[in-house]
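Work through the exercises below with the sequence and the model side by side. Each task is followed by a solution that goes step by step.

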Amino acid sequence: MTDFSKTKAMFDIPDGMIYLNGNSLGPMPKTAPDAMNRFLMEEWRTELVKGWNTKNWFMQTNSLGDRVGKLIGAAPGSTVVGDTLSIKVFQAVSSAMAMVPDRKVILSDNGNFPTDLYMVEGLIDLKDAGYELRTPNPENVLDNISDEVAVVMITEVDYRTGRKHDMKKIIEKAHAHGAMVVWDLAHSAGAIPVDVADFDTDFAIGCTYKYLNAGPGGPAFLYVAPRLIDTVVPTLTGWFGHEAPFAFDLNYKPIAGKIDRMRVGTPSIASFALLDAALDVWDHVDIHDVRARSIELSELLIREVEARCPGVKFAGMRDPQERGSQVSFRFEHGYALMQALIARNVVGDFRMPDVIRFGVTPLFIGEEEILNAVEIMEDILRNEIWKEDRFQVRSAVT
Ligand SMILES: *Cc1c(COP(=O)(O)O)cnc(C)c1O
């Protein structure tokens, strides 16, 4: 059984802050400063270029990939880390497209995170070969899977409402129709149990700075089903995926039989140090305990807000099995309400047009934080504190 008082003590959260935004950017593990300092002082400073060998920088894409892989049900040797999630969307979808060359439809949904859709739009323009991106409502994805579809690209948990897709059904139907699947785990990894091998997805991608707490801009990850690793077509053909990077051949030749072919170029080793420290927390955690606790806390948050916060409407799925680990509400003046909450040290975030979001992250959030947050929200609403001018001004990042 996971000891959540122990995991909470592993994070350095400012005194008095109730941090309900771990779904957007996880908090700093207490070990992060030492890990970064060790990287600087005992690796970069002392080893310089030798560090690629002596500190194994060259293969951290894979060793950290395996550590992330363990959290998503991936076998060793099937996951690599590096780059950003937007890049991984491009990489996975373009590889999948190359593996079903006779089809021209990419299927996603209109609840997907915009960058996933933007990257596919750019890819389609670049290929200029008659591809089409279809974005039905999330509840209609299954019905839109047909023999026309080359790639089904789905983010499991909707970033606005927390709505969770039934990935098993989607993957089964996609495969029955000969389509490839790219499963985006941005709001799943570290939030809900995920088993990429059991569900037999072709590709899975995600980021590490949300529920995995690797820090802003932490590396993304890419999983390829072991059955595809020999044949997967690398499309971002960088030298880190070459069969002999240090032969400096004039022509690209992907390394055979290894996930390494999906590596691109020199990764940020400093960000790897933070990811490594953040993953240590997960050695003490059973994701099934996290899920059970997240549901308990989410139900408490919904119940309390509905009972005490006039005008704030729950905006997600009622059945907790159909939600990820975030709870969203609608309020006409959602932006101002969130600014007023943040001013009182209750940190969530806002998504257009009127959605306020709270990430429920049991590693460092418990009942007390939920109840205190709702009490503050009730006060802000009953006393109309959100109407103050200073809460109406929009920042660049909401
Ligand atoms: C957070 C998130 C991203 C972010 O992509 P970056 O390249 O890391 O900025 C992409 N897709 C989804 C589904 C996300 O939730």
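A residue is called buried when its relative accessible area is under 20%, exposed when over 50%, and partly exposed in between (1.4 Å probe, protein chains only). This is a predicted model, in which local features need pLDDT of at least 70 and side-chain atom pairs count only at pLDDT 80 or more, while totals for chains, interfaces and linings use all residues. Residues are numbered from 1 along each chain as its sequence is written, and side-chain values use heavy atoms, with hydrogens and water left out.

**Exercise 1.** Describe how Phe 314 and Phe 329 are placed, and in which strands they lie.

Solution. Begin with burial: Phe 314 and Phe 329 are both buried. Next, consider the rings, where Phe, Tyr and Trp (its six-membered ring) pair if their centres lie within 6.5 Å, with planes under 30 degrees apart counted as stacked, over 60 as edge-to-face and the rest as tilted. The rings of Phe 314 and Phe 329 are 6.1 Å apart from centre to centre with 70° between their planes, and the pair is edge-to-face. Finally, helices (H or I, at least four residues) and strands (E, at least two) are DSSP runs, numbered from the N terminus. Phe 314 belongs to strand E9 (residues 313-314) and Phe 329 to strand E10 (residues 326-330), so the pair ties together parts that are 15 residues apart in sequence.

**Exercise 2.** Classify the pair formed by Trp 239 and Phe 248, and then examine Phe 248 itself.

Solution. The count of aromatic pairs comes to 17. Trp 239 and Phe 248 form one that is stacked, with 6.1 Å between the centres and 25° between the planes. Trp 239 is partly exposed because its relative accessible area is 37%, whereas Phe 248, at 56%, counts as exposed. Both residues belong to a cluster linked by ring pairs, whose members include Phe 39, Trp 52 and Phe 58. Phe 248 is found in the loop between strand E8 (220-224) and helix H9 (269-281), and has a positive phi of about 50° although it is not a glycine. Most residues other than glycine have a negative phi.

**Exercise 3.** Is His 165 buried or exposed, and which residues does His 165 touch?

Solution. His 165 sits in the loop between E5 and helix H7 (167-176). At 7% relative accessibility, His 165 counts as buried. Not counting residues up to four places away in sequence, His 165 touches several residues, including Asp 109, Pro 138 and Glu 156.

**Exercise 4.** Where is the cis peptide bond?

Solution. The bond joins Met 352 and Pro 353, with omega about -5°. Pro 353 lies in the loop between strand E12 (349-351) and strand E13 (355-359).

Key. Contact means heavy atoms within 4.5 Å.
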